[in-house]
Amino acid sequence: MRPRRLRSALTLLGTLTTAAALAVGTAGPATATERPAPVRPTAAAHGLPADLASVTELLAQRLLLADKVAAAKYGTDTPIDDPEREARILDDVRARAAGLGLEPDAVAAVFRDQIEANKLVQRGLYARWDAHPAERPTERPDLAKEVRPALDRITTQLLAALHDTERARALPSCGPRLATAAGWSAYTHRLDTLHLKALGRALPSVCGAGLTG
């Protein structure tokens with residue numbers, strides 16, 4: 001996406017997600033297990049871009065799992081930043097993107113954005129829990145057996161969604177359509193301010209990503 005289109009998309013996303021935040025409230029973020037059940041009317045039923053909503057839905061789901069990642073790591077020696085694991089993930093998606101006929105480095109850029117968005121949520125939750133001990137998680141999810149397998153499933157689904165939306169993401173209208181879809185996903189999942197900010201961080205590389213020459 002060209003810089004001007006990206007700025008327009010993110011401006012629109014900001015407007016939409018601000019409206020979503022006002023609709024559902026901006027109180028402190030709930031954990032993934034405490035969050036109210038999301039609204040589930042379909043994007044297509046409201047005339048929204050269902051093709052790109054398949055991508056933003058997965059981005060939102062991945063961000064909600066960041067709550068569990070944070071809960072699993074908080075108070076342990078496991079760092080938020082894990083360059084070796086991140087490199088393995090990006091190498092894996094490059095290889096799988098090539099198998100789907102997508103441009104590996106462009107797809108890796110999408111997943112790099114997801115990793116950074118996930119870490120943004122983790123840092124935000126750490127800061128909240130440090131400041132408000134009563135809000136700290138009372139259970140520690142199993143990172144290896146519970147959380148990472150769920151992230152791996154979303155990785156597979158997101159690769160498929162990027163493949164299926166290749167044409168839509170190449171259109172000049174991708175930026176505003178992506179922002180609209182993201183605003184809808186933010187609303188249906190009742191994303192709070194922290195997760196809205198992270199969703200914005202997750203978007204920049206989606207339009208045009210993975211397109212073959």
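A polar contact is taken here as a pair of N or O atoms within 3.5 Å, of which, within protein, one must be able to donate a hydrogen and the other to accept it, residues adjacent in sequence counting only if both atoms are side-chain atoms. The structure is a predicted model, in which local features need pLDDT of at least 70 and side-chain atom pairs count only at pLDDT 80 or more, whereas totals for chains, interfaces and linings use all residues. Residues are numbered from 1 along each chain as its sequence is written, and side-chain values use heavy atoms, with hydrogens and water left out.

The mean pLDDT of the protein (the predictor's confidence in each residue, from 0 to 100) is 83, with 74% of residues reaching 70 or more. Among the helices (DSSP runs of H or I, at least four residues, numbered from the N terminus), confidence is lowest in helix 1 (residues 3-24), at a mean of 48, and highest in helix 4 (residues 104-131), at 98. Over residues 17-34 pLDDT stays under 50, and the model has 27 contacts (heavy atoms within 4.5 Å) beyond four places in sequence for this stretch. Where pLDDT is low, the predicted coordinates should not be read in detail.

Thr165 lies in the loop between helix 5 (143-164) and helix 6 (166-170), and counts as buried because its relative accessibility is 4%, the cut-off for buried being under 20% relative accessible area (1.4 Å probe, protein chains only). The side chain of Thr165 forms a polar contact with that of Arg169, at 2.9 Å. Beyond its neighbours within four places in sequence, Thr165 also contacts Asp51, Leu52, Ser54 and Val55.

Notes: Helix = DSSP H or I, 4+ residues; strand = E, 2+ residues; numbered from the N terminus. Buried < 20%, exposed > 50% of the residue type's maximum accessible area, 1.4 Å probe, protein only.
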